[in-house]
Amino acid sequence: GLWESVRAGQQQVLLSPYLAASCAFLTHLALCAPFLVLDALGGVCQRVHSWRIAAGAGPPPSLWRWYECFWRVLFKYATAVLPATALFQLLRSPSLPELAPSCWRLSVEVVACFLLFDTFFFIWHYCMHRVPWLYRAVHQMHHQNQVPFALAAQDASSAELLSLLLLALGSAWMLGCHPLSEALFHILNSWLAVEDHCGYDLPWALHRILPCMGGAPFHQTHHKKQSNNFAPYFTHWDHLFGTYRAPHTYIRKRHDRTIVK
């Protein structure tokens, strides 16, 4: 019933070529909002500060860094990502099926999208680090944040932002996903990207529940070392190719001492 009502009333919006990039940007901002609050509290609340992965590496990013990052990401979306993905969607010619997917189909398609996207991302990310000109031209901008924060998940060059969004769209297209499955995949994909870059090892983080996922400590190790942990979410490809590096766990102690396990 929900799918039928959305399909009947919002069909023109759902088929808009501008929907994918617009939703990606707005969803990213919405999911970053809780971490903006955490970063604001991190300078005054010891409990919040103790959750930071780099607890001994200085204060959380300032509001000015958030502000600068916001305008960089907005500019790249407006000038490159939006027109390019609109063209991709027009060529793709999406359609809206009459029936909603079953819960089983929805779950299988979302999981399959994540596994396929994780594979594509690992290959592309590995190539960007191993090919010097590709790193300089496409990926180096993303590593300007050695200690990342939530909004910096999309603080990258226009080429990299566009390539990752096309990988996500292409993964769903190759699997023939139902639009509802694809929408859920994109929302969860945005959340995991934000969580990976948030800089916090939160007690309720997904990687604490699912051991197969790396989470923020795993990805922050990549930003520190840049030669390991290339997969975005899962760890199996890095284990298979010998690029896995166990993340450091920072524990805040009394008298501002930090020990590393």
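This is a predicted model: local features need pLDDT of at least 70, side-chain atom pairs count only at pLDDT 80 or more; totals for chains, interfaces and linings use all residues.
Most residues other than glycine have a negative phi.

Gln-226 also lies in the loop between helix 11 and helix 12, and here too a residue other than glycine has a positive phi, in this case near 65 degrees.

## His-236 at helix 12

His-236 is found in helix 12, which spans residues 236–240. With 30% relative accessibility, His-236 is counted as partly exposed. When residues up to four places away in sequence are not counted, His-236 touches Leu-115 and Asp-118. The C-alpha atom of His-236 is separated by 9.7 Å from that of Gly-214, a residue 22 places away along the chain.

## The pair Asp-201 and His-207

Asp-201 sits in the loop between helix 9 (179–197) and helix 10, while His-207 belongs to helix 10 itself, which covers residues 206–209. The side chains of these two residues are joined by a polar contact of 2.9 Å. Are the two partners buried or exposed? Asp-201 has a relative accessible area of 16% and is buried, because the cut-off for that class is under 20%; His-207, at 15% relative accessibility, likewise counts as buried.

## Helix 7 and its two faces

Helix 7 runs over residues 132–139, and its buried residues are Leu-134, Tyr-135, Val-138 and His-139.

The buried residues of helix 7 pack against helix 6 (103–130), helix 8 (158–174) and helix 11 (215–225). The face turned away from the buried side carries the exposed residues Pro-132, Trp-133, Arg-136 and Ala-137.

## How helix 6 and helix 8 cross

Two packed helices are described by the angle between their axes and the distance between the axes. For helix 6 and helix 8, the axes come within 9 Å and cross at roughly 150 degrees, and the crossing of helix 6 past helix 8 is right-handed. On the side of helix 6 the contact is made by Cys-113, Leu-116, Phe-117, Phe-120, Phe-121, Trp-124 and Met-128. On the side of helix 8, the residues that take part are Glu-160, Ser-163, Leu-164, Leu-167, Ala-168, Ser-171, Ala-172 and Met-174.

## Annotated regions

In an unreviewed UniProt entry, the feature "transmembrane region" is placed at residues 18–42, 73–92 and 104–127. In the model, residues 73–92 are 100% helix and 0% strand, with their end C-alpha atoms 25 Å apart, and residues 104–127 are also 100% helix and 0% strand, with end C-alpha atoms that lie 35 Å apart. Leu-19 lies in helix 3, which covers residues 19–42; this leucine has a relative accessible area of 24% and is partly exposed. Leaving aside neighbours within four places in sequence, Leu-19 is in contact with Val-13 and Leu-14, while its C-alpha atom is 19 Å from that of Leu-2, which is 17 residues away in sequence.

The unreviewed UniProt entry also carries the annotation "domain: Fatty acid hydroxylase", which covers residues 110–243. In the model this span is 63% helix and 0% strand, and its end C-alpha atoms lie 26 Å apart.

Methods: Residues are numbered from 1 along each chain as its sequence is written. Side-chain values use heavy atoms; hydrogens and water are left out. Buried means under 20% relative accessible area, exposed over 50%, partly exposed in between (1.4 Å probe, protein chains only). Helices (H or I, at least four residues) and strands (E, at least two) are DSSP runs, numbered from the N terminus. Contact means heavy atoms within 4.5 Å. UniProt positions are given in the numbering used here, feature names are shortened, and annotations may be inferred rather than shown by experiment. A polar contact is a pair of N or O atoms within 3.5 Å; within protein, one must be able to donate a hydrogen and the other to accept it, and residues adjacent in sequence count only if both atoms are side-chain atoms. Axes are lines fitted to C-alpha atoms, for helices over the stretch in contact, and angles run from 0 to 180 degrees between N-to-C directions. A crossing is left-handed if the near helix is turned anticlockwise from the far one by less than a right angle, and right-handed if clockwise.
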